[in-house]
Amino acid sequence: MSNAYSVYVTKRLLQSVVVILLAYVFTFIVVSILPGDPVTNVLRDPQNGFTEEQIREIIAAQGLDQPIPVQLWSSLSSFLTGDLGLSMRSSRPVATLIAEVLPSTLILASSALGVALVLAFAVAYGTQFLPKRFGQDLLRAFPSLFLSVPNFVIGLVLIHLFGFQLGLFRVIEPNSFWATFFAAIALGIPVSAQIAEVLIANLDNESRQEYATVARGRGLRRARLFAKHLLKPSSLPVVTVVALTIGELLGGSLITETVFGRTGVGSLVQRSVAMQDLPVLQAIVSLAAVVFVLINLIADLVYPLLDPRVKLVGGTRHRGATSTEPLQTLPGR
Amino acid sequence: MTKRSSLFSLSRRRMMIMTSTLATAALVAMAGFTPAQGADDPRNGGDIVFLIDSLGDTWIPNNSAISSFQGHIWGHVTDKLVYVDAKGEASPWIAESWEQNDDATEFTLHLKRGVTFSDGTLLDASAVVANLDIWYAGRTNEGINPIGLFPKTYDRAEAVDETTVKVFFTAPTLGFIPTLGYHGSILISPKTLEQPAAEQADLGKTSGSGPYVIDSWREGDFVKLVKRDDYNWGPEAVGHTGPAFLDSITYKLVSEQSLRVASVQAGQADVAYNASPQELQSLKEEGFTTATPRYLGFVNGWAINTQQAPYDDVKVRQALQAGIDRQEIIDTVYTPDWLMPQSLIQSNVPGVTDQSDLLAYDPEKAERLLDEAGWTRGPDGIRTKNGEQLTLTVHPNPYLATARSVDELIAQQLGRIGWKVDIRAYDVVTFGERVRFGRPGVPAYEVTRSFIDAGTVASILTSANNAENWFALDERDEKLNELRDSIASAGSHEVRDPLLDELQKYVLEQGYFIPRTQIVQRIYVQSPRLTGEVYNGVAYASYYTATLND
């Protein structure tokens with residue numbers, strides 16, 4: 001690769017490190033200045049019966065009586081040496097906690113993304129090529145419908161129907177194939193809405209283009225037109241939407257995990273937020289920052305493969321290229 | 001076992017290696033033991049699933065044994081020195097017998113022989129001393145807390161010989177023996193206790209001497225227990241001392257209340273914990289077993305802040321006591337499974353006396369008292385005095401799902417006699433932050449508390465010795481101080497019981513404490529196939545004696 005490209009890569013990597021560090025510091029400050037102190041709250045719960053002296057000892061032992069900058073520095077320096085520390089809540093290593101929950105969430109999120117893509121493309125295909133009387137217009141309403149039904153309602157309906165009525169899966173075995181499948185559907189449906197909307201808009205746009213009219217005039221079959229000519233340019237912005245969707249998949253996984261009784265990153269975040277368990281939150285926010293940075297990087301790298309024109313644009317603007325920029329170039333052409 | 005592991009396997013390769021190793025080990029172990037044991041008893045066998053709404057925060061024994069969720073698991077994995085039944089009666093368990101001196105400052109415990117922890121360590125006098133020491137002091141610099149409810153008067157314990165322990169206190173401690181059967185006093189292997197906090201927090205590395213051992217677990221997800229075949233030291237009081245009958249118990253976290261109940265209805269699980277009271281009647285009619293055991297402690301009610309006007313006026317407090325229709329609470333919010341309060345403590349606590357007369361619903365009396373106190377009805381029906389409205393701000397306890405409904409009903413009842421009730425509901429963290437006993441702006445603190453022994457009741461009511469000062473009286477009420485001191489120094493129940501009776505009467509007469517209903521904090525819905533469980537003094541279900549029938 002060219003020299004310019006390696007400069008670009010280096011810059012992007014440095015940027016990423018800064019983003020992750022800032023995310024770390026920001027989380028620390030936000031959680032520290034939040035009102036409420038769950039640790040002392042728990043200790044002060046009269047049911048526990050601790051004396052003030054005991055409470056002071058316990059707080060001091062955890063270093064929670066230190067000024068915030070001191071706490072931040074010790075937390076940050078151990079983070080930089082790769083030590084994620086111990087959870088304040090459970091006293092177990094943060095790395096272990098995350099390693100325990102990560103696989104479940106990755107499986108759920110990737111299956112949900114698969115479901116979302118299949119659904120979005122199916123709906124988008126339908127809006128272009130289903131005969132009018134077979135509900136082409138009805139399909140156009142699907143994305144807004146998908147967005148407006150709450151995630152947990154879909155989940156509960158699926159569980160009652162397929163879990164309890166049909167007995168396809170057991171709530172107590174949330175990682176079985178069918179339980180994962182239906183959880184992925186519950187999570188994938190709202191996500192598919194955004195992808196479908198962008199896809200439909202672009203398909204509409206592309207099919208009005210001259211080349212599509214010409215192709216149709218020459219008698220090219222619809223399915224072939226879709227697959228050969230329309231799909232590729234219309235998918236380009238989908239990459240951006242998918243990259244943005246990852247956040248929603250992780251956020252939505254909290255509700256889906258709760259409803260389906262799965263243990264994942266979502267439920268770990270929920271428990272950690274409730275307890276303001278700083279070390280765990282720090283680790284997860286940093287992890288999320290890494291994931292976002294990586295996904296944006298990948299999205300940027302995928303673009304030129306789908307549309308050669310982007311590479312030209314990107315080549316002159318590599319300093320600040322972000323994944324959203326090529327999307328903005330689209331309406332102009 | 002293999003089935004469960006594969007169901008939870010995610011990082012496939014590693015899990016598969018682990019699973020097959022475990023499976024092989026299990027097969028070998030089973031081949032070695034099962035034919036010799038139990039097959040002759042038709043009650044043996046079976047696996048149950050218990051759906052729970054939380055598995056709590058940590059598994060460090062000292063820090064977690066007091067939690068209302070983890071208590072279920074500890075109850076099967078560990079034993080206690082003394083068994084305390086649902087009536088609050090203490091009976092022998094690991095301690096076969098005990099003696100105390102006349103002023104209850106020295107106790108001698110005689111232990112059962114041959115008891116072992118699941119890691120092979122002997123449960124002898126030195127193991128008991130190690131446990132008593134860590135219950136009292138914890139290791140706070142490492143994040144291992146003391147057990148808050150353990151008597152602060154503890155001085156030291158000595159192992160006299162292998163099965164005899166002497167325990168010394170700096171002041172009379174009548175509550176010591178019941179404490180041993182309670183909440184946090186779970187016996188843990190000294191080997192586990194020696195480990196640093198981070199190791200103790202790994203439930204899989206914890207050894208108790210109970211009828212079940214940890215098979216596998218995952219934080220925030222599930223805990224699977226399997227029975228210990230050589231267990232032979234159960235408490236006599238439950239009528240069985242040998243190994244448990246059920247092969248395994250799996251506690252699975254399902255945070256959605258409706259899903260827990262629906263899973264049991266669909267036959268996918270055997271017990272659902274914490275269902276809504278309103279559902280219980282219809283579940284019973286469907287043939288499910290429901291249980292609403294009460295724990296030993298205070299009834300659900302309000303501790304009144306006597307420093308905040310108008311609750312500094314005894315007549316206003318007495319009007320509040322008479323203005324609440326407790327029967328209507330049970331009829332409307334709860335079911336007949338809930339009981340009327342008879343005192344400020346639950347009616348199964350040893351030492352409780354029936355004070356129902358003081359708690360009768362009498363709106364006329366309440367109105368008369370308010371008139372006498374100078375609170376007269378305004379044109380909108382709300383009573384006023386010197387331009388101030390008669391208001392009561394209440395904060396429903398966020399830990400009790402029905403607290404808000406009860407508050408709303410009471411607001412209606414009090415509204416009829418001219419009281420304005422404001423309900424301010426907070427989440428758990430905010431509640432912990434803002435709502436405390438005697439805090440300005442908190443005229444009534446909702447109590448839901450279990451305790452070890454009625455003797456401790458007196459010591460939390462005032463400010464003496466850093467106590468909780470429930471009614472913000474500090475040391476102002478001399479009669480209460482007197483009762484507190486004489487109860488604390490009583491060396492025997494004969495001396496103490498009449499004093500306790502007087503204390504209950506006095507606190508209720510003064511309107512310091514306003515009982516609402518006896519508290520049920522643990523609600524069980526159970527498949528009819530499962531029978532024989534036992535509820536102890538803290539209302540935890542033990543499946544040690546339970547069997548599955550077809």
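In this predicted model, the contact between the two chains draws on 51 residues of chain B and 45 residues of chain A. Together, chain B and chain A bury about 4,100 Å², and carbon and sulfur atoms account for 55% of that area.

Polar and charged pairs also cross this interface. Between chain B and chain A there are 4 salt bridges. One of them joins B:Glu219 to A:Arg271, with the closest N and O atoms 3.5 Å apart. Residue pairs in polar contact across the interface of chain B and chain A, with both residues at pLDDT 80 or more, number 12.

On the side of chain B that touches chain A, several elements supply at least two residues each: helices H1 (2-8), H8 (197-200), H9 (257-265) and H15 (428-434), together with strands E1 (47-52), E8 (212-218) and E10 (248-253). H1(B) gives the most to this side, namely 4 residues. By residue class, the side of chain B that touches chain A comprises 22 nonpolar, 15 polar and 14 charged residues.

Turning to chain A, an unreviewed UniProt entry places the feature "transmembrane region" at residues 12-34, 106-126, 138-164, 176-200, 238-260 and 280-303. Two of these annotated segments are set out below.

Aromatic pairs are counted over all chains, and the count comes to 41. In one pair, the ring centres of B:Phe107 and B:Phe169 lie 5.7 Å apart and the planes stand at 85 degrees, so the arrangement is edge-to-face. B:Phe107 belongs to strand E5 (residues 106-111) of chain B and B:Phe169 to strand E7 (residues 164-169) of chain B; the pair therefore ties together parts that are 62 residues apart in sequence.

Two features of the backbone of chain B remain to be described. Most residues other than glycine have a negative phi, and most peptide bonds are trans. B:Ala309 and B:Pro310, however, are joined by a cis peptide bond, with omega about 0 degrees. B:Pro310 is placed in the loop between strand E13 (300-304) and helix H11 (314-322) of chain B. B:Ala104, a residue other than glycine, has a positive phi, near 55 degrees. B:Ala104 lies in the loop between strand E4 (95-100) and E5 of chain B.

Conventions:
Residues are numbered from 1 along each chain as its sequence is written. Chains are lettered from A and ligands numbered from 1 in the order in which they are written. This is a predicted model: local features need pLDDT of at least 70, side-chain atom pairs count only at pLDDT 80 or more; totals for chains, interfaces and linings use all residues. Side-chain values use heavy atoms; hydrogens and water are left out. Contact means heavy atoms within 4.5 Å. Buried area is the accessible area (1.4 Å probe) that two parts lose on being put together, summed over both. A salt bridge is a side-chain nitrogen of Lys or Arg within 4 Å of a carboxyl oxygen of Asp or Glu. A polar contact is a pair of N or O atoms within 3.5 Å; within protein, one must be able to donate a hydrogen and the other to accept it, and residues adjacent in sequence count only if both atoms are side-chain atoms. Ala, Val, Leu, Ile, Met, Phe, Trp, Tyr, Cys and Pro count as nonpolar, Asp, Glu, Lys and Arg as charged, and the others, Gly among them, as polar. UniProt positions are given in the numbering used here, feature names are shortened, and annotations may be inferred rather than shown by experiment. Rings of Phe, Tyr and Trp (its six-membered ring) pair if their centres lie within 6.5 Å; planes under 30 degrees apart count as stacked, over 60 as edge-to-face and the rest as tilted.
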